[in-house]
Amino acid sequence: MTERATNELAIDSRILVIEDEEHLAAGLKLNLELDGHAVDVAGTAKEAAQLLLCPDRYQLLVLDVMLPDVSGFELCSKLRESGNYVPVVMLTARDAPEDRVCGLEAGADDYLVKPFALDELLARIRSCLRRQAWAKNPEQTKETATFAFGQNIVNFATHEVKRGEESLRLTQLEFDLLRYFVDHPDRVIRRDELLEKVWKLRNYASARTVDNFISRLRRHFEEEPSTPVHFVSVRGAGYRFLP
């Protein structure tokens, strides 16, 4: 990415770093500011919650999992439950697949394990901000294709979703899962394939994560989630998307 593109992307972007390790928080703040962002720092979930009371104050959160008062998983989950869908990049020293799954299930948009490369973190942050910029300025993106099924209309470029006249809000992971189904209609897709292609997890034994997210998609898009017609279970095999 060119310096000009980076600066254009960073315009009006304010990031909240929620990290209790002072030296790491200071380093993140410095490097994010050098990358063109305005940055605030909170050392606890309570302090972060106070800063997040102002709607739309931040365009992205960098969230540590191991906070002294409330876990990052819990804080992220509470944000999503309250209707706050600000992009969240989680940072943690916990690298087990189960921890990554917990973070994504809580509503995180990305998950980075410490120690991490600074360039990778900055790239992931730019990616999240780019998606958010598209959502606010859909006319500025070349990709405006929509997909319709049943009473649902989805725009994958702007993240606009409608079920009839009702607007829906999906997390990035829900969008990624939906997109994979849309790209592979009428085909039986195994759970391990979804874990590898969507969650980027290989040889992960638990299928509960996939099942939970399928339930979410059914609640979003099915008229009768208990008797789905679009996201159909195939006994002993996986799932099949029928547009």
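**Close-up views of a predicted model**

**View 1. Arg218 in its helix.** Arg218 is part of helix α9. The model shown here and in the other views is predicted. Although Arg218 is buried, it has no salt bridge. Its nearest side chain of opposite charge belongs to Glu222, 5.2 Å away, whereas a salt bridge requires the charged atoms to lie within 4 Å. Not counting residues up to four places away in sequence, Arg218 touches Pro225, Pro228, Phe231, Val232, Ser233 and Tyr239.

**View 2. Helix α9, residues 208-221.** The helix has 14 residues. From its first C-alpha to its last it reaches 20 Å, close to the 20 Å expected at 1.5 Å a residue. Buried residues of α9 include Thr209, Val210, Phe213, Ile214 and Leu217. Arg216, His220 and Phe221 are also buried.

**View 3. The five-stranded open sheet.** The strands follow the order β2-β1-β3-β4-β5, and their pairing is parallel. Strands β2 (38-42) and β5 stand at the edges with a single partner strand each, so one side of each is left without a neighbour in the sheet. From one strand to the next, the twist averages 20°. Strand β1 (residues 14-18) is joined to β2 by five bridges. Ile15 has Val39 in β2 as its bridge partner.

**View 4. Gly107 in a loop.** This loop runs between α5 (97-105) and β5 (110-113). Gly107 counts as buried because its relative accessibility is 2%, and the cut-off for buried is under 20%. Leaving aside neighbours within four places in sequence, Gly107 is in contact with Cys76, Arg80 and Thr171. Glu81 is 26 residues from Gly107 along the chain, and their C-alpha atoms are separated by 9.4 Å.

Methods:
Residues are numbered from 1 along each chain as its sequence is written. This is a predicted model: local features need pLDDT of at least 70, side-chain atom pairs count only at pLDDT 80 or more; totals for chains, interfaces and linings use all residues. Side-chain values use heavy atoms; hydrogens and water are left out. Helices (H or I, at least four residues) and strands (E, at least two) are DSSP runs, numbered from the N terminus. The expected span of a helix is 1.5 Å times one less than its number of residues. Buried means under 20% relative accessible area, exposed over 50%, partly exposed in between (1.4 Å probe, protein chains only). Contact means heavy atoms within 4.5 Å. Lys and Arg count as positive and Asp and Glu as negative; His and the chain ends are not counted. Two strands pair if DSSP finds at least two bridges between them. Axes are lines fitted to C-alpha atoms, for helices over the stretch in contact, and angles run from 0 to 180 degrees between N-to-C directions.
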